[in-house]
Amino acid sequence: MTQTAENKVNSKKKFKTIDLVYIGLSAALITVCAWLSIPLTVPVTLQTLGICLISGLFGAKRGTAATIIYVLLGVIGVPVFAGFKGGIGAALGSTGGYIVGFIFTALIAGLVADKFKGKLVPTILGMVAGVVACYIFGTAWFAIVYLRQGTPESIGTILGWCVIPFIIPDLVKVVLAGILSNRLKKFIK
């Protein structure tokens with residue numbers, strides 16, 4: 001093997017290693033953000049901030065992979081979810097749709113960040129679109145769980161519980177994640 005071919009193999013290997021490092025650290029960041037709670041009228045965690053930040057920084061591939069790993073860790077019982085919860089019960093409960101919806105948030109926000117090369121306004125709009133997808137998936141899941149329990153609620157009531165109290169805090173988190181990812185992107189390989 002020539003020196004140039006060997007360097008190409010080594011650079012690909014290093015790239016894969018750095019991907020794994022970024023993905024692992026990102027999953028850990030999401031976990032820490034899930035544990036941090038802001039006590040408002042309804043407690044607000046920083047998961048959305050973490051997911052949007054890593055997706056803006058690392059793009060769709062790394063951001064989505066980190067979010068999937070985070071979700072899988074929680075499903076197998078590692079207490080990575082909000083309130084130090086974990087396990088299949090937490091993932092399949094009434095708010096489990098939002099946990100699964102985080103994957104859509106990461107994918108959409110990461111795809112937009114990739115396409116627009118980290119430009120601030122499109123990145124923030126992509127993050128908003130990702131959070132909206134999470135709201136849709138999570139709220140539908142929540143409604144189905146409540147219907148199965150025999151306690152039908154109106155969509156207005158469900159939105160009042162699951163979406164409306166979180167809109168402003170999530171917009172603040174998305175803007176903060178967009179600004180941070182835009183500023184930190186130059187330090188990421």
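Trainee: Why is K173 called buried?
Mentor: The model is a predicted one, and in it K173 has a relative accessibility of 7%; since buried means under 20% relative accessible area, K173 counts as buried.

Trainee: What makes K173 and D170 a salt bridge?
Mentor: The side chains of K173 and D170 meet with N and O 2.8 Å apart, and the term asks for a side-chain nitrogen of Lys or Arg within 4 Å of a carboxyl oxygen of Asp or Glu, so the pair qualifies. Side chains of opposite charge can pair when their charged atoms come close.

Trainee: How many salt bridges does a search of the whole structure find?
Mentor: The search finds 2 salt bridges, and one of them joins R62 to D19, with the closest N and O atoms 2.5 Å apart, which again meets the requirement of within 4 Å. R62 lies in helix 2 (residues 47–75) and D19 in helix 1 (residues 3–35), so this pair ties together parts that are 43 residues apart in sequence.

Trainee: How do you know whether R62 and D19 are buried or exposed?
Mentor: R62 has 8% relative accessibility and counts as buried, and D19, at 7%, counts as buried as well, because buried means under 20%.

Trainee: What makes L171 partly exposed?
Mentor: L171, which has its place in helix 7, has a relative accessibility of 42%; buried would require under 20% and exposed over 50%, and partly exposed is what lies in between, so L171 counts as partly exposed.

Trainee: Which residues make the nonpolar surface patch?
Mentor: The patch, of about 650 Å², is made by I155, L159, I164, I167, I168, L171 and V172. Helix 6 (155–162) and helix 7 (167–184) each supply at least two of its residues, while the largest share, 4 residues, comes from helix 7.

Trainee: Which residues have the most contacts inside the largest nonpolar core?
Mentor: That core has 39 residues, and those with the most contacts inside it are C52, Y70, F81, M127, C162, V174 and A177. Helix 2 gives the most to this core, with 10 residues. As for C162, leaving aside residues up to four places away in sequence, C162 touches Y98, T139 and F142.

Trainee: How do you know that the chain agrees with a compact globule?
Mentor: With 189 residues, a compact globule would have a radius of gyration near 16 Å, and the chain has 18 Å, which agrees. The C-alpha atoms fill a box of roughly 70 × 35 × 25 Å, taken along the principal axes, and buried residues make up 40% of the 189 residues.

Trainee: What is the pattern of the chain, read along the sequence?
Mentor: The secondary structure comes to 7 helices and 2 strands, and along the sequence they follow the pattern α-β-β-α-α-α-α-α-α.

Technical notes. Residues are numbered from 1 along each chain as its sequence is written. This is a predicted model: local features need pLDDT of at least 70, side-chain atom pairs count only at pLDDT 80 or more; totals for chains, interfaces and linings use all residues. Side-chain values use heavy atoms; hydrogens and water are left out. Patches are made of residues with over 30% relative accessible area and no salt bridge: like charges are joined within 9 Å, nonpolar side chains (Val, Leu, Ile, Met, Phe, Trp, Tyr) within 5 Å. Accessible areas come from the Shrake-Rupley method with a 1.4 Å probe; for residues, only the protein chains shown count as cover. Buried means under 20% relative accessible area, exposed over 50%, partly exposed in between (1.4 Å probe, protein chains only). The radius of gyration is taken over C-alpha atoms; the globule rule is 2.2 Å times the number of residues to the power 0.38. A nonpolar core is a set of buried Ala, Val, Leu, Ile, Met, Phe, Trp, Tyr and Cys residues joined through side-chain atoms within 4.5 Å. Contact means heavy atoms within 4.5 Å.
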